[in-house]
Amino acid sequence: MKKSLMTLALLGAFAGVAHAETSVTIYGVLDAGFVKRNDQTLTIGKRDNNRLGFKGVEDLGGGLKALFQLETRFEPDTGTNESTTRPFWQGQSRVGLQGDFGTIRIGRGLTALQETATFYDPWHGLPSVTGFHADVMVAGLNSDPSSGAGNSGNRHSNAVFYNSPEVNGFSVFADMATKEANGSVAIVGRGTAAAPQYAANAEGSTNPFSIAGQYKSGQLNAFIAYERNAIETKATMLGASVQANADVKLMASYTKLDMEHTKAFDSTVKAWVIGAHVNYGPGKFLLGYGQKSPEGLAKTKQFSLGYEYSLSKRTYLYVDATNKKGDTPSRANDAVTQKARAAVDFRAYSLGILHNF
Amino acid sequence: MKKSLMTLALLGAFAGVAHAETSVTIYGVLDAGFVKRNDQTLTIGKRDNNRLGFKGVEDLGGGLKALFQLETRFEPDTGTNESTTRPFWQGQSRVGLQGDFGTIRIGRGLTALQETATFYDPWHGLPSVTGFHADVMVAGLNSDPSSGAGNSGNRHSNAVFYNSPEVNGFSVFADMATKEANGSVAIVGRGTAAAPQYAANAEGSTNPFSIAGQYKSGQLNAFIAYERNAIETKATMLGASVQANADVKLMASYTKLDMEHTKAFDSTVKAWVIGAHVNYGPGKFLLGYGQKSPEGLAKTKQFSLGYEYSLSKRTYLYVDATNKKGDTPSRANDAVTQKARAAVDFRAYSLGILHNF
Amino acid sequence: MKKSLMTLALLGAFAGVAHAETSVTIYGVLDAGFVKRNDQTLTIGKRDNNRLGFKGVEDLGGGLKALFQLETRFEPDTGTNESTTRPFWQGQSRVGLQGDFGTIRIGRGLTALQETATFYDPWHGLPSVTGFHADVMVAGLNSDPSSGAGNSGNRHSNAVFYNSPEVNGFSVFADMATKEANGSVAIVGRGTAAAPQYAANAEGSTNPFSIAGQYKSGQLNAFIAYERNAIETKATMLGASVQANADVKLMASYTKLDMEHTKAFDSTVKAWVIGAHVNYGPGKFLLGYGQKSPEGLAKTKQFSLGYEYSLSKRTYLYVDATNKKGDTPSRANDAVTQKARAAVDFRAYSLGILHNF
């Protein structure tokens, strides 16, 4: 008489469930702190994307590997999912293969342009109100207008992702998504309210794609990227960083957004950001300045200053300050509501702790 | 002076929180690929249920063990929970004991009939549009009409599950659920729209239960199962598989559904599926053909062909094709909407990667 | 030529993602059983909060540690999130530092009063209908009226938490939250339906805080706590437990609630609970009796008796019985609906298994 656990194990193997011998790596970030905007009450907020992830690599032999990664996002102050509305595995959900040819993955993740851009943002691409990435740096680009309201705007769902190996300092990242709809809201665009250019939950009129080329040589990193989203907004981006000396790193980026497909006039947005990291004491100063210039609208100007005090390689305290004037950072419907964006003029200060695990 | 972490640990023990010395096993499946239906745009989809699970076994001594299992499901293409509407721990959430008497667990999981049936489906019970299990194989049975729309139809919530040990090749699986309601929609049945046979969120008129007996002898596996759901639909199922030789496995199943309790006429559905697995090269071919015959309605006929190319014991590439004609696979309200089901006639092709971890 | 995984690893380090060398501790509780109320159908329910958590401690050197903890809650009978409506990380989401000064954490967690009270509840602070904590013991206190309906009422979101070290048996727990709103419903209070004292999603009129002092000396534990929530309800609580001999532990608590800020009259609720744990055989008996006396309303009286049969340090079977008369346990809007609460008079019995992992 065998024990029924053996039966269960057999059944598990049948159904492709078991194979528990793998080591899954759990990782994450928990970051919380005080945030005070001059026009709002004191809140508990975050600087980074709070996350919990599961990932693993399987050696298939012959230089081939299988890999997967799943990452959920959350708000540490209230315990909800990120923004309360985002997909549970908002960070990414991808599976794929890696070999001499590079890495190819299927699922959902940051677009090539958006992911590469984070390395050239003085605030590491963090969503902090002090940072530049989500609004000023990418000129308000919404990479994912096919997803419903409340989704993030810098990922592709339903996509294939390719990362090349690095050859002589060069590497290429690219992804392309299907046209399938994910509950998007209507986009009036060049249509009318009664007959919007893209109806609610419409399929894209083109396959969204994003491609970035990066070059590393000594102290220099540089990249160029191009992206076209499902409603044919086109983004071109350039950036570079240089480790000027042991303590100073400089970075700059320029982005041009072309919304001609959905806007009859004033269809261009230009943006640039410059920044620096300066090592000082047990941490570093962060400095950044940027402008976003939507055609026919007021410029957004932002200046930020911060300090990261390292307690270890994984944990630091931070203090940030920013001064932002101009447009609101919303990009939910870049082509539609550009005109409706309210003017903003605020200062914000934050103080918190970030812990990687 | 003691450190407050000790205080915390003590408090944790008080509240029954700590005991971190256990090894929890993390497991899962990430599977994504291209799916093309002849009548739809190309999408990124899945073949298997994408899942992340946590399970553990504690040895209690004297042959007794405590065990638990929690399993969440998700869509890899968009990062949402499975179908966006299902319970977070859709896969299962169960706790129980195991000993010479077998295994007894409490919580939520697949019914005995549904779980056993997966072992006799040529597509392993996968939810792929190419597979047979969810629609044709179980004759459209909805095991859980007491749960709200968007839930799955092959589990029992609020149930007790029993798995016998295997004795001389025989084993028995059984479960019984309470009558409690979980937000179900109204089921007109033999009532009227104004006075449905089961009101919205009504309790079951009987305790749902499911029982399956399985026999293994040499190369032969066979089972018989019977299930009655909360609205007294009855399902009877038979199946067998035989490992004909080292490379060929054959399987067949037959299901009869009796909805007399909620339908005055045309209350029977019959279905059968035959299939084969044929080892070839570094993988195997899958073949299946099945029919579902709802009384008074057109038959559903489905033919599928696939190949799994193994990269390792845990990872494979797959290519599938299916041709399906007849009824739609929806079973949300089996007793109500049987008549309203639209005719379907499509072909679908898929290509992807499945990784167990 | 480097492999692109290295590139990915570098990118990960850039973005502050990686650092996977840490050991994250996974822990949890899975508890399910039968619950029968004399006025309801038999259900599958729970005794404890079902949970899955992730936590870790990083040694920063010099006696300083960084720590984080994330804990989700769920219903084992249906697989949904706790109550289907609570934040995913309902249990807690906190990050902080620990040193000679004690522990300071930021995020969301139990208030000092609510957490300390659990150690003096004969049912360990469990949410079982048999237990006292959530209703009778804390006099119906809602610690978090700023959060939306469906949230729990014993936590502070957006808060800073401090736990002192234990010095000569004394320790102090305290937390303070911001005034920020989290989607609360309108609270009429001393206003009118048209002009409620607190509008929907109103900020608190004060910073919620909670403080508890605990003293341990030999067999005696005692505490005193004070809390004021965002709508200025004040709670004062006293409690003590004594290990009378090797087999008997006695406990008692008293709570006074003052809702004068939102109620013109009948603004006081008083409550007390006494209980005992008596070791017997491979487990222990639990006994408890308590009363809640809202001014101008009928008393709630509750008597409970239970037995925990230990299968190991981590797993036990339980049987509980309770008899409760008086007020309903709802506390969603303590100041508003106090009058509207329905009378209750029920007996409940439960039988189940609880497994810590």
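These are my notebook entries on a predicted model with chains A, B and C.

**Ground rules.** I number residues from 1 along each chain as its sequence is written, with chains lettered from A and ligands numbered from 1 in the order in which they are written. Because the model is predicted, local features need pLDDT of at least 70 and side-chain atom pairs count only at pLDDT 80 or more, while totals for chains, interfaces and linings use all residues; side-chain values use heavy atoms, with hydrogens and water left out.

**Entry 1: salt bridges.** I started with the total, and the structure holds 36 salt bridges over all chains. The term stands for a side-chain nitrogen of Lys or Arg within 4 Å of a carboxyl oxygen of Asp or Glu. Side chains of opposite charge can pair when their charged atoms come close.

In chain A I looked up A:E82, which bridges to A:R73 with the closest N and O atoms 3.7 Å apart. A:E82 is buried because its relative accessible area is 2%, and A:R73 is buried too, at 6%. (Buried means under 20% relative accessible area, exposed over 50%, partly exposed in between, with a 1.4 Å probe and protein chains only.) Both residues belong to a network of salt bridges that also links A:K46, A:E71, A:E75 and A:R86.

In chain B I found B:D48 bridged to B:R51, with 3.0 Å between the closest N and O atoms. B:D48 has 2% relative accessibility, so I file it as buried; B:R51 is buried as well, at 4%.

In chain C I checked C:R47 and C:E308, whose side chains meet at 2.8 Å, N to O. This pair links distant parts of the chain, 261 residues apart: C:R47 is in the loop between β2 (43–45) and β3 (50–61), and C:E308 is in strand β15 (residues 300–310). Strands here are DSSP runs (E, at least two residues), numbered from the N terminus. Both C:R47 and C:E308 are buried.

**Entry 2: surface patches.** Patches use residues with over 30% relative accessible area and no salt bridge, joining like charges within 9 Å and nonpolar side chains (Val, Leu, Ile, Met, Phe, Trp, Tyr) within 5 Å. Areas come from the Shrake-Rupley method with a 1.4 Å probe, and for residues only the protein chains shown count as cover.

I found a positive patch on the surface made by A:K299, A:K301, A:K325 and A:R347. Lys and Arg count as positive and Asp and Glu as negative, with His and the chain ends not counted; each charge is placed at NZ of Lys, CZ of Arg, CG of Asp or CD of Glu. A:K299 lies in the loop between β14 (283–294) and β15 (300–310) and is partly exposed at 43%.

A nonpolar patch of about 440 Å² is formed by A:I224, A:L238, A:Y254, A:W272 and A:I274. I placed A:W272 in strand β13 (residues 268–280) of chain A, partly exposed at 33%.

**Entry 3: positive phi.** Most residues other than glycine have a negative phi. I noted B:N158 with phi near 55 degrees; B:N158 sits in strand β7 (residues 155–163) and is buried at 2%. B:N201 has phi near 60 degrees, in the loop between β8 (170–177) and β9 (209–217), and is partly exposed at 43%.

Entry 4: C:A271 and C:V136 are 135 residues apart in sequence and 6.4 Å apart in space, C-alpha to C-alpha. C:A271 is in strand β13 of chain C and is buried at 0%.

Methods
Helix = DSSP H or I, 4+ residues; strand = E, 2+ residues; numbered from the N terminus.
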